[in-house]
Amino acid sequence: MTTAAPSGGFPHRLIATDLDGTLLRSDESISSRTRDALAAATAAGAAGAAHIVVTGRAVPWTRHILDDLGYEGLAVCGQGAQVYDAGEHRLLTSVTLDRQLAGVALAKIEAEVGPLFLAASRDGLDGEVLVGDGYAVTGTLPSTPLSDVSELWAAPLNKIYIQHPTLTDDQLAEAAQLAAGGFVSVAMAGEGIVELLPLGLTKATGLSLAARRLGLKAADTIAFGDMPNDIAMFAWAAHGVAMANAHEELKAVADEVTSSNEEDGIAVVLERLLA
């Protein structure tokens, strides 16, 4: 990681924030303090800092949050697979999962750990999230029941979600990586959320594309996150900030640890840098 050069009243030109467990509180709201700190940072200096949301959620599970926020910038969704223009409600780039490789990956993982509970995110602005029997969806996000596993392969996918009846998320992610890491990328994005992605895809992939559209670089960037799927983003950015509630793997590679998402951890850092 490098050190960002000062720019006006704020030392970074780009602020990249994860959503769940980072920018969002547990009720999916953003505090007024955090909103104010982001507004101050994006207004500081001659040009102000840009803010990019970088989330594991695909666009259909992200768009309502961005709309509620009045967010009109770029968002990186689907673990880096999608770059979305929130102001124009337009998908700028999208990377899909090779379904043949994904099928091989699933078979290899199940050969090691036994049957999995499955869900999948279809590509596109309105792509459905298909949820199979036994898969536990976090929160109240919209989904479509998956009655036949063969339906997984009927349309392009961004990712496949996997759960296991007895293994922990860490154990499942490790087993999936060992069994199928040559076919897909494996990401752990939250409690009960282990994902199979296009090989080589990370949040850093999408963030670098979005930043380039704004004429910005890794050296300009401060990034905030809470889970192992943010590790690549921290490696790309000049400065990585883990939330107090973050996974220990992310804390281990962070440049600093701030307060939790419930305690305005992003605002704490931005206010200090603005002072």
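A residue is called buried when its relative accessible area is under 20%, exposed when over 50%, and partly exposed in between (1.4 Å probe, protein chains only). Everything here comes from a predicted model, where local features need pLDDT of at least 70, side-chain atom pairs count only at pLDDT 80 or more, and totals for chains, interfaces and linings use all residues. Residues are numbered from 1 along each chain as its sequence is written, and side-chain values use heavy atoms, with hydrogens and water left out.

**View A. Helix α5 and its buried face.** Helices here are DSSP runs of H or I with at least four residues, strands are runs of E with at least two, and both are numbered from the N terminus. Leu172, Ala173, Ala175, Ala176, Ala179 and Ala180 of α5 are buried. Looking down the axis, these buried residues fall within an arc of 165 degrees (taken from the directions from the helix axis to the C-beta atoms), so they line one face of the helix. Turned away from that side are the exposed Glu174 and Leu178.

**View B. Phe224 and its contacts.** Contact means heavy atoms within 4.5 Å. Beyond its neighbours within four places in sequence, Phe224 is in contact with residues including Ile15, Met233, Val241 and Leu270.

**View C. His89 in its loop.** Check out His89: not a glycine, yet its phi is positive, about 50 degrees. His89 sits in the loop between β4 (82-85) and β5 (90-94), and at 40% relative accessibility it counts as partly exposed.

**View D. Asp264 in another loop.** Asp264 also has a positive phi, near 60 degrees. This residue lies between β14 (256-257) and α9 (265-274), and is buried at 14% relative accessible area.
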